[in-house]
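Hi everyone, thanks for coming. Have a look at the structure while I talk.

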Amino acid sequence: MDNYIYQQKIRLINYLKEGGFIKTEKVEEAMINVDRSIFVPQKYINESYEDKPLPIGYGQTISAPSIVAYMTELLELREGDKVLEIGTGSGYQTAILSYIVKEKGLIISIERIKELSEIAYKNLEKLGLHKNVKLIVGDGSIGYENDKPYDRILITAASPKIPNFIYDQLKNGGIAVMPVGSIEEQKLVVLKKDELGKITIEYNISVIFVPLIGYNGFKLSNNEIN
Ligand code: SAH
């Protein structure tokens with residue numbers, strides 16, 4: 001990593017801590033050790049450690065580091081957790097999850113755009129974080145039956161409502177985090193299922209994600225190709 005990017009990284013981590021986006025050592029360690037520049041297209045490489053989303057092609061974006069850190073904190077991940085992620089994108093958030101749950105854990109991440117899923121796999125491989133990751137190409141708005149139930153579920157695309165599959169595919173004692181709202185703006189929703197299966201739902205900060213597209217998501221208009 002060149003010196004400019006390294007300096008930017010130190011500044012960013014301090015900013016994320018001071019701003020309350022990073023709260024625990026676990027998340028700090030992951031944000032320090034997973035190199036975001038690997039997941040950013042070459043032409044934006046110098047912006048890897050600025051706190052903003054960046055284009056990754058196919059009309060999609062890699063989320064801003066503050067949002068990645070914040071959502072990861074809300075998930076309260078533990079080593080060994082089995083996590084379902086919807087919206088692999090560049091694979092950056094996937095890498096953060098993989099780093100925290102470690103080799104005993106498992107991340108199942110679904111992406112609807114095949115090319116992005118392939119790029120994400122290569123990115124994860126470069127960091128050796130692919131071993132506990134299973135990437136699936138398909139519509140994640142219906143979740144993923146095959147490996148349910150999950151300790152944690154994270155959706156990284158904007159959903160018009162809390163998708164029904166969450167209630168069925170989340171384990172008792174589990175936590176799901178997802179942006180819910182309109183295309184223009186969403187609230188981060190934290191849904192918890194207690195040991196008896198009782199659900200509580202909290203609405204957190206406002207965020208802006210690209211739309212979840214699919215059965216339980218938004219519908220594509222006719223002039224969009226992807
Ligand atoms: N977490 C990613 C950012 C994801 S952007 C990162 O760190 O880079 C949201 C992603 O969700 C996009 O790649 C988009 O193609 C994908 N997506 C949208 N609808 C989806 C669906 N129904 N199933 C799976 N992936 C979906």
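So, let's start with Ile 22. Leaving out residues up to four places away in sequence, Ile 22 touches Ile 13, Leu 16, Lys 17, Val 27, Glu 28, Met 31, Ala 69 and Glu 73. Keep in mind that this is a predicted model.

Where is Ile 22 placed? You'll find Ile 22 in the loop between α1 (3–18) and α2 (25–33). And is Ile 22 buried or exposed? Its relative accessibility is 6%, and the cut-off for buried is under 20%, so Ile 22 counts as buried.

Now jump along the chain to Tyr 215. Ile 22 and Tyr 215 are 193 residues apart in the chain, and their C-alpha atoms are separated by 33 Å.

The space it takes up is the largest pocket. Which elements give two or more residues to the shell around the ligand? Those are β2 (60–62), α4 (92–101) and β4 (106–111). β2 gives the most, with 3 residues.

How many residues surround the ligand? There are 26, and the closest are Ser 90, Glu 111, Asp 139, Gly 140 and Ile 213.

Let's look at some backbone contacts. A backbone N or O atom of Ile 213 is 2.7 Å from a ligand nitrogen. For Gly 140, a polar backbone atom lies 2.8 Å from a nitrogen of the ligand. With Arg 112, the distance from a polar backbone atom to a ligand nitrogen is 3.2 Å. On its own, the ligand has 580 Å² of accessible area, and the protein covers 99% of that.

Note on methods: Residues numbered from 1 in each chain as written. Predicted model: local features only at pLDDT ≥ 70, side-chain atom pairs only at ≥ 80, totals over all residues. Heavy atoms only, no water. Helix = DSSP H or I, 4+ residues; strand = E, 2+ residues; numbered from the N terminus. Buried < 20%, exposed > 50% of the residue type's maximum accessible area, 1.4 Å probe, protein only. Contact = heavy atoms within 4.5 Å. Near = heavy atom within 4 Å. Polar contact = N/O pair within 3.5 Å; in protein donor to acceptor, adjacent residues only side chain to side chain. Areas by Shrake-Rupley, 256 points an atom, 1.4 Å probe, with all protein chains shown as cover. 1 Å grid on protein atoms, 1.4 Å probe; cavity = no way out; pocket = protein on both sides within 12 Å on 5 of 7 lines; lining within 4 Å. Sits in = over half its atoms within 2 Å of the grid points.
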